[in-house]
Amino acid sequence: MSVAADRATGESLIGRSLPRREDLALLTGTAVFVDDMRPAGLLHARILRSPHAHARIRRIDLEPARRLPGVVDVFCGADVERSVEPWGDLTQDILTGDRIAFARDKAVYQGQEVAVAVAETKWQAEDAIEAIEVDYEPLEPLVDPEQAMQPDAPVIQDGVDYEGGVGNAYDASYRIRVGDFEFARDEADVVVRARFTTGCSGAAALEPHACLADYNPSSGKLTFHSATQMVHPLRDGLSKALHLPRTQVRVVAPFVGGGFGSKGDVFPWEVITAVASIRTGRPVRCVLSRREVFETVPGRGRQVRYAELAMRADGTITAYGERVIFACGGVSAWGNQILRIGTQIGMLPYAIPNIHVDGFAVHTNTGPAGPVRGFGVPEAIFAKEQLVDMAATELGLDPVEVRLRNVLHGDDCPTVTPLGQRVDSTSIDRCLERAAEAIDRSEAEDVGVGFAVCMKYTSARHPSLDSDLASVRIVLETDGTVSVFSGDSPHGQGHGTTVAQVVADALGVGVEKVRVTSSDTETCPFSLGTWGSRGGAILGTAARMAAERVRAKLIELAAHILETAPEELEVAEDRVRFVGMPGTGLFIQNLVLLAAYATHQLPEGFEPGPIQAQATYDTPTERERSDGTGNLSPTYSAAAHAARVEVDRETGRWRVLDYVMAHDTGVIINPLIVEGQHQGAFLHGYAMVFGEEVRWGEDGAVANAGFKEYFAPSAADLPSLHPTIEVPAPSTVIPGGQKGAGESATAPVAATIANALQAATGVRFCSLPIMPDDVKRALVESERRGAPIVYPRDMPDYDGPTEWPEPEEFDDLELID
Amino acid sequence: MRPFEYLTPAGLEEALEAVAERPEETAPIAGGQSLLLELKSRERAPARLVSLAGVEALGAVSGGHGEIRVGPTVTYRAIADGEAFAAIASRSAVTGFLTRVIANIADRAVRTMATVGGAACQAEPAFDIPVALTVVDAGFEVAGASGTRRVAAHEFFRGVKQTALEQGELLSAIVVPDPAGSWRWGFAKQGMRAHDAALSSVALAVRVDGESRVECCRIVVGGAVKRPSRAYGCETWLIGRPIGEVEAEKLGERLAAEVVPELGGARFGREYRRSLLPALVRRALEEARDEG
Ligand SMILES: Cc1cc2nc3c(=O)[nH]c(=O)nc-3n(C[C@H](O)[C@H](O)[C@H](O)COP(=O)(O)OP(=O)(O)OC[C@H]3O[C@@H](n4cnc5c(N)ncnc54)[C@H](O)[C@@H]3O)c2cc1C
C-alpha cells in the first residue's frame, strides 16, 4: 500500500513496516562513517598502549618518536596533566577519579593509553609509537575477580578513594533485601543452588571505535565527530575534561556501524584526539584497530554468581539469594551500574517475595567492563532460569507449568512486585503458552527442549543518573515539510524511519515530508543517547509530544482562519480539515506560510514565525532505594523463548534445531524494524553461549584480540528463526503504548539453550560460553562418574546463609580412552 | 602495515627476477588472504610485493599423461564454481574431490581471492589445502634462478608456515596425480565456526581391488599437527580389508591412539583436537565409500 493512498484514507502510520530510510545509503556504500571523512590537512593519531596488564611506569622517552619523518606531535600524560582532568562525574553518585586520558604512574590493564603520536600518515604515526621508549616495572596482575577480592590482594586503584569500596571491590555496597529470605528458605520444600559464571562478550560492532577532532584555532571551537551512542553526554564529558565551555564544543555522530552499548561512554582516545587537534591546530583522526577494540573497549565484563532458589512443593518460588561478583577491569566505567540494574531487572518476570542479594563490583587487571546489549540482565537470567529448572526437576514439575505458576499475569496488571517494580501491563503468561505450543517437545536421542522467560526494562533511571529523558524539536517549513531534530544518537536502530512515522502520524502528513536529523549537539536538543531499548518508547514519546504541540498550533491557526471551533478540526492528508471530511480545510503548507509571510492574518496572541515546538519526555520512574527496591523503568517488555537443541556426543557440538521467540513489545511502530531488533538481539544472546568471550591469560594479556579467535558467530552459524510471535500488551504508562524492543530477545537465550542442553545430556552447564570442548569434557566426566554432573565445577552441599564452600576442580580429563 | 613497492610482472621470468633481486625484503603475493593479515599487524613488513596475479603461466590448468597441473594462482572460486577443471578429462575422481574440499573453505569473499598455491606456501596446519594435496600425493614444482625442481608433498610441507621453498624461489605448479584404478577420497574437518580453519582434519585416499578390498591407502591428519601427517599404522591396518566392512569405530580408536597432537590453540587444547579424530576419520571414510 503506498503512502499516498494512506494519506487519503487517513490510516495510521503506526504499526506499518515501512522500509528503513537509512538502508539506501548503507546498501549503496554512500553512507559516511568517521573513517570516510576527508578534511583538508588531516592528521592521524596512533596510541601507544601498555603491553602489561599491571605495571609501574618509571620513565617515558618521547624524543626518538619526535625526530621521525612526518611526525607532528607526540605527548603523554605528563604533558596534559594540567589541561585535562579526570571525567565521569557528570552524573550523580557515579564512582570517579579513575577515568583518565593516559596512565601516568601505573598501567592497570593491557592496552591502557600511555602516549600518542600524531603524524601526516597512519604509518608514520605507527612508526612513531614504536619508537617511544617506556620503562615499565611489571607488577603482579590480578585477573580473577574472586582473587582480587581477597583481603591480602594488592589494591589496583590505590590512588582513588571510592565511597563504599573495600579493597578492589570498589562498590561493595550493593544489596537487595526484600522480605525474610532466611525464613522463606528454611520453610521451602526444595532449595537449589549453583555457581554460575558468564564470560566477557566483547565490543564486536563491525565499525571499530573512531573519532575525528577538528579544532579551529581562530574561533576556538572544537568540532568533534565520533562513532558514539550519545552525543550530548559526550559533549558534556569532553568539555569538562578539557575545560572548554559547551558552546565551544560540537559533537556529531555520522553513520555509526553498530555499538550495542560499547559506544556509550567518554573514552580516553576521544579526549586524547581532541587534545591532539587543539595542540596542532589541525584535524586529527584516531581509528582503533580491532586489537585495540578487544583490549580496551569495555565488553560485558565477567560475572560470578553464587545463586540459590527456594520453591514450595506446588512450584511457587518463595526466595532467591545471590552473591554476585562483577569483574569490572582496571577502571570503574559502567560496571557497578550493570551489576545493579541487571540483577534487579533479572528477578522479573516473577514477583519473588523474599530476595537477598550481595553484589560486588571488583577491579581486576583486565579491560574495563561496560554496557553490552542486555546490560546485565542476560547474566542474571542465565543463573535464575536454570535454577527454576533445577527446582522443577527435583519436584517432578514441568518447566513450563512451573513458570506459568510464577510469572506475572497480564490480568493482574498494573501490579507492583515486592522489589518495587511497577509492571503496567504484560503478556508474559501468554507468551510462554504460545512459545510452548509452537516448539516441538517430542523426545529424541541427544535432543532436549529448554525454556526461559525474562522481562527487560524500557530505558531506566540509572542509580548514577537521576534522569531518563529524551528530547525532540520539530519545525514546520514553509513548504509544508517537517524538520525533526531528534536528541538521541541512532547507530542502526532506524530512528530516521521510526521517528518520522510517529511525527507524520501525529501531524497527518505523508511520511515522505518528514526529515529526521539526529546526533548533532548543535542542532538537536539534549538527550541521553541511544541505549537501553529506549528509542521507540522514550524518544518516540518526546516526538509525539512535540508533534502534538505543533498540531495544536496548526489547529488554533486554522480555526481562526476558518472561523470555526478547534474541536471541529483534525489533521489528515497534509491538511487541517473538518473532522471526518476529506478535502476540506487548509493545507498545512498554507498555514505555515501565513505564520511566516502574512503575519497580520494571525490570531491575537499567536506567535509569528516558524511553527515549531520542542518536547522532552522524562519517564515517571523512581530512583533505586538503599534496599535495592524501586521502579527503575516506566514499562517492561517481555520474552518467552523455547529451544530444541541436539548434541553431538562425539564432537561436543550442539546445534539449535528449532527456536521460538514469543514477545511482548507493546505497540509496535514499525514491525519490520522491531523484527530486525529481535533477530539481532537473539544473535547477541546466542553469541554468549556459542563462543563470544574475551579471554585474558594469567598475565592479564588478551589471548584472542581478533575475530580469528574471538568466536563471533557468522550468519552460517546461526539457526534459522521463526518470525517472532508478538503478543502485544500495550504499555499504559508510555502514552503511545510502546515498549523497548532492542534487548528483550538477548536476555533469555543463554538460559534457554542451557536448559535445553541439560534436557539433552543431563549435564547442567553453569558457565558461558558453552563450547564444544566443554560439552565433550562434561559428557566424558558424567560417563566416568555414572551420573550427570554440574559443569564446570560441582558445588558441594551448602549449609550456610552467606558462606559458600570452595567448589571442587576437575582434573584434566582424558577425553578418549 | 608499512609502505611497500608493488610490482606487477607479466611473465614468470620477470616475476622470478623480481623475487630474487632483494629476496630478504621481497614477498610474492597471490590472493593476499594470509599475507595481508601479516602485513597489517606488521608481523611481516616487506619493502616490495611482487604480485603473481598477472603471470598467466601461473594461473593455468592442464591435464594429460596421468596428471593434472594446477597453476598456483588458481583461485578457490575458479575451482569451486567448476570453471578451473571444466576442460580437464580426469580419469579418476580427483578433481571432484579437490572441488568438494575447496568449495568448503572459508567463505565466498575469501574464496574469491585465495589461491591454491598461496595456501600451500603459507603451510598453516589448520588449512585444508596442504592436507588435501598430501593425500592426493601432489608434487610441487619450484622455480628459481637455477631452474625448476620437483618436490613431493611430504618434503614440501616442513612445519608450521615452513616449506621447501628457498628465498627467491616461487612455487610454479602443483602436479596432482590422476591415477588409473579405483581410487576414492574423503575429507572431513572440524572448525569452530562455519568459516574457520580446522582444529583437526582427516583426509583419506584408498584404492580397492576387484573385490573391493583396500589395496593401497593414505590417511593424512591436519590441524592438530605441525604439518600434514600420515598415519602409517592405520594405513597398514586398513590394507586388505573390504572397504564396505571396515569398522569405522576401530579405525577411529586406532587413529586417535596413533596421532600425537602437537598443537593446541588459545582455546582448544590438544586433547580435544585428538578426541575429534574418530568422528572425522569415520566421516572421511563414509565420503570415500559413497564416492565409490
Ligand atoms: C576468513 C578466513 C577464513 C579462512 N578459512 C580457511 C579454512 O577454513 N581452511 C583453509 O584451508 N584455509 C582458510 N583460510 C586461509 C586461506 O586458505 C589462505 O589464506 C589462502 O589460501 C592463502 O592464499 P592466498 O592466495 O590468499 O595467499 P597469500 O596471502 O597471497 O600468500 C600466502 C603466502 O604464500 C606466499 N606465496 C603465495 N604464492 C606463492 C608462490 N606462487 N610461490 C611462493 N610463495 C608464494 C606469499 O608470499 C605468502 O607468504 C582462511 C582465510 C581467511 C582470511
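Reader: Which residue stands opposite A:Val284 in strand 12 of chain A?

Author: A:Ala213 does. This is a predicted model: local features need pLDDT of at least 70, side-chain atom pairs count only at pLDDT 80 or more, and totals for chains, interfaces and linings use all residues. Residues are numbered from 1 along each chain as its sequence is written, chains are lettered from A and ligands numbered from 1 in the order in which they are written, and side-chain values use heavy atoms, with hydrogens and water left out.

Reader: Which strands pair with strand 12 of chain A, and in what sense?

Author: Strand 9 (residues 210–216) of chain A pairs with strand 12 in the antiparallel sense, over four bridges. Strand 1 (residues 43–49) of chain A pairs with strand 12 in the parallel sense, over two bridges. There, A:His44 has A:Arg285 as its bridge partner. Strands (E, at least two residues) and helices (H or I, at least four) are DSSP runs, numbered from the N terminus. Two strands pair if DSSP finds at least two bridges between them.

Reader: Are the residues of strand 12 of chain A buried or exposed?

Author: A:Val284 and A:Cys286 point one way, A:Arg285 and A:Val287 the other way, and all are buried. Buried means under 20% relative accessible area, exposed over 50%, partly exposed in between (1.4 Å probe, protein chains only).

Reader: New topic. What is the order of the three-strand open sheet in chain A?

Author: The order is 4-2-6, with antiparallel pairing. Strand 4 (106–107) and strand 6 (133–138) of chain A are the edge strands, each pairing on one side only. Strand 2 (residues 55–61) of chain A meets strand 4 of chain A over two bridges. A:Arg56 is opposite A:Lys106 there.

Reader: Which residue forms a salt bridge with A:Glu137?

Author: A:Arg58, with the closest N and O atoms 3.4 Å apart. A:Glu137 is in strand 6 of chain A and A:Arg58 in strand 2 of chain A, so the pair ties together parts that are 79 residues apart in sequence. A:Glu137 is partly exposed, at 29% relative accessibility. A:Arg58 is exposed, at 52%. A salt bridge is a side-chain nitrogen of Lys or Arg within 4 Å of a carboxyl oxygen of Asp or Glu.

Reader: How many salt bridges over all chains?

Author: The rule gives 81. One of them joins A:Arg250 and A:Glu522, at 3.7 Å, N to O. A:Arg250 lies in strand 11 of chain A and A:Glu522 in the loop between strand 21 (514–518) and helix 15 (535–562) of chain A, so parts 272 residues apart in sequence are tied together.

Reader: Which residues are linked in a network of salt bridges?

Author: A:Arg46, A:Arg49, A:Glu113, A:Glu126 and A:Glu292.

Reader: On to helix 19 of chain A. Why call it largely enclosed?

Author: Ten of its 14 residues are buried, so the rest of the structure largely encloses helix 19. Among them are A:Pro772, A:Asp774, A:Leu779 and A:Glu781.

Reader: What do the buried residues of helix 19 of chain A pack against?

Author: In chain A, strand 26 (636–647), strand 27 (654–664), helix 18 (749–761), strand 29 (764–765) and strand 30 (790–791). Helix 11 (270–275) of chain B joins that list.

Reader: And what follows helix 19 of chain A?

Author: A:Gly786, with a positive phi, near 75°.

Reader: Which residue of chain B meets A:Asp774 in a salt bridge?

Author: B:Arg267, at 3.1 Å, N to O. The count between chain A and chain B is seven salt bridges. In all, 30 residues of chain A are in contact (heavy atoms within 4.5 Å) with 24 residues of chain B.

Reader: What area is buried between chain A and chain B?

Author: About 2300 Å², of which carbon and sulfur atoms give 52%. Buried area is the accessible area (1.4 Å probe) that two parts lose on being put together, summed over both.

Reader: Last one. How far apart are the C-alpha centres of domain 1 and domain 3 of chain A?

Author: They lie 39 Å apart. The contact takes 26 residues from domain 1 of chain A and 24 residues from domain 3 of chain A. The area buried between these two domains is about 1700 Å², with 59% from carbon and sulfur atoms. The rule finds one salt bridge across that interface. Domain bounds come from an automatic or database domain assignment.
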